[in-house]
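Hi,

Here is the structure I promised to pass on to you. Have a look at it first, and my notes follow below.

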Amino acid sequence: MSGTSGTPYAPHTDEETAAMLSAIGAEDEEALFDIPDDVAFDGDLGIEPRTEREIRAECSRIFGRNDDLTEFLGRGHYGHYVPSVVDHLSDRAEFLTSYTQYQPEISQGFLQALFEYQSMLVELTGLPVANCSMYDAATALGEAATLADRVRSTSGDTVLVPEQLREGKREVLANYCAGADLAIEPYPMADGNADVDALAERVGDDVVMVYAENPTVRGCIEERLAAVGDLAADADALFVLGSDVVSFAVLEEPASVGADVVVGEADALGLPTAYGMGLGIFACSDEFLRQVPGRLVGASEDAGGDRAFTLTLQTREQHIRKERATSNICTNQAWVALRAAIHAAVLGPDGLVDLANDCVRESAALADRIDGLNGAVAPVHDRHHVREFAVRVDQPAAAIAEDLEAEGFAVHVVDEHLLQVCVTDLNAARTDDLVAAFEEVI
């Protein structure tokens with residue numbers, strides 16, 4: 001910043017601004033923009049000034065109109081209790097005002113926190129490389145598909161995914177694959193898990209990537225992941241495994257079943273359920289280190305020989321030469337990753353395992369109680385589950401869900417006679433009431 005006026009966020013002085021406008025032949029800054037009159041700001045927002053107390057009262061009145069629902073929703077969006085220390089630490093100004101840590105000399109604290117986040121993912125997945133800046137599970141899956149297209153020597157262009165896959169995730173993957181001329185093809189599921197025998201008949205030289213999830217979209221624990229990994233390896237296809245940061249604590253380690261890349265959601269820690277805002281996981285083997293999308297924090301040494309942290313292996317191609325880009329990630333999830341890291345550190349290894357085990361026990365107990373009701377079968381799939389499970393009802397599922405909503409509970413409608421229920425530590429205290437509501441409406 002030159003001169004005595006200006007701020008770090010708008011650093012130009014009046015003299016500098018005038019010189020730049022003169023150089024391009026513009027009279028003022030407004031001349032740089034072509035804004036239609038009907039949407040241009042005319043200096044009056046039309047909002048009556050009110051005190052803070054009056055605004056808070058008005059907001060409380062508006063929020064009071066919301067339905068008071070207890071959510072038993074999941075399918076990729078999971079709410080767990082977020083300790084207050086996560087807010088207190090992540091709300092420090094040093095974190096909130098930081099964007100992308102391109103200047104390591106002023107970002108060592110944040111860079112170290114992100115390095116710790118990556119290290120946690122490495123421990124949980126067993127894979128040696130993890131990044132810190134993916135949007136969500138869907139875009140992480142799309143990035144995995146384009147990575148597979150770049151690194152696999154096979155001449156194939158087919159990406160195999162489970163036929164039971166969350167629609168939003170499938171649509172995002174389709175957007176990525178369309179740009180890379182990849183074709184998406186579903187493979188069959190059997191009782192909530194991958195039909196490995198059918199998959200074996202389909203995997204061939206035309207397949208560039210095989211994707212599986214654990215737990216599946218129905219909450220089932222996938223039982224033959226190693227077999228899926230072997231099929232992908234035999235076809236020289238990339239094996240990509242989807243999961244979430246809590247489930248990792250009790251499920252098979254992805255590296256042990258042959259996963260080349262792990263994608264999924266980390267926002268189960270550190271964030272309340274947002275149904276949109278997320279934090280994607282991307283971990284992989286050393287072989288793909290220079291192909292990792294997003295941002296990667298590395299540990300190094302400074303000029304004085306002390307340990308230091310920096311963004312590494314960033315060619316910036318995604319910002320300047322799109323035809324050479326290895327990533328579609330052009331913004332930053334660092335603050336969300338920071339919150340996930342703080343939450344994981346507060347829980348510790350034992351606390352994370354306890355939380356994941358509770359997700360298994362609570363879902364099994366709730367399914368057993370719903371299964372005891374006339375007109376309902378739960379869980380539909382004869383599997384172990386994490387957090388969520390499917391319920392088959394005799395009556396139309398949409399009608400049952402509507403009646404449950406009237407009783408104060410939200411569940412997913414999967415198809416005409418299938419509901420899905422998700423239980424975590426946030427709603428576990430209301431399971432008695434949910435069972436009573438189920439009993440009444442069915």
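First, a convention for helix pairs: a crossing is left-handed if the near helix is turned anticlockwise from the far one by less than a right angle, and right-handed if clockwise. By that rule, α11 passes α13 in a right-handed crossing. The contact (heavy atoms within 4.5 Å) involves Leu-366, Arg-369 and Ile-370 on α11, and Thr-431, Asp-432, Leu-434, Val-435 and Phe-438 on α13.

Please bear in mind that this is a predicted model, with local features needing pLDDT of at least 70 and side-chain atom pairs counting only at pLDDT 80 or more, while totals for chains, interfaces and linings use all residues. Residues are numbered from 1 along each chain as its sequence is written, and side-chain values use heavy atoms, leaving out hydrogens and water.

Helices (H or I, at least four residues) and strands (E, at least two) are DSSP runs, numbered from the N terminus. The strands β3 (residues 158–162) and β4 (residues 183–187) run parallel and are joined by five bridges; DSSP must find at least two for strands to pair. Between them the chain passes through helix α7 (residues 167–179), making a right-handed β-α-β crossover (with the strands pointing away from the viewer, the path from the first strand over the helix to the second runs clockwise).

Is Thr-139 buried or exposed? This residue of helix α6 (residues 137–151) is buried, because its relative accessibility is 11% (buried is under 20% relative accessible area, exposed over 50%, partly exposed in between, with a 1.4 Å probe and protein chains only).

Best wishes
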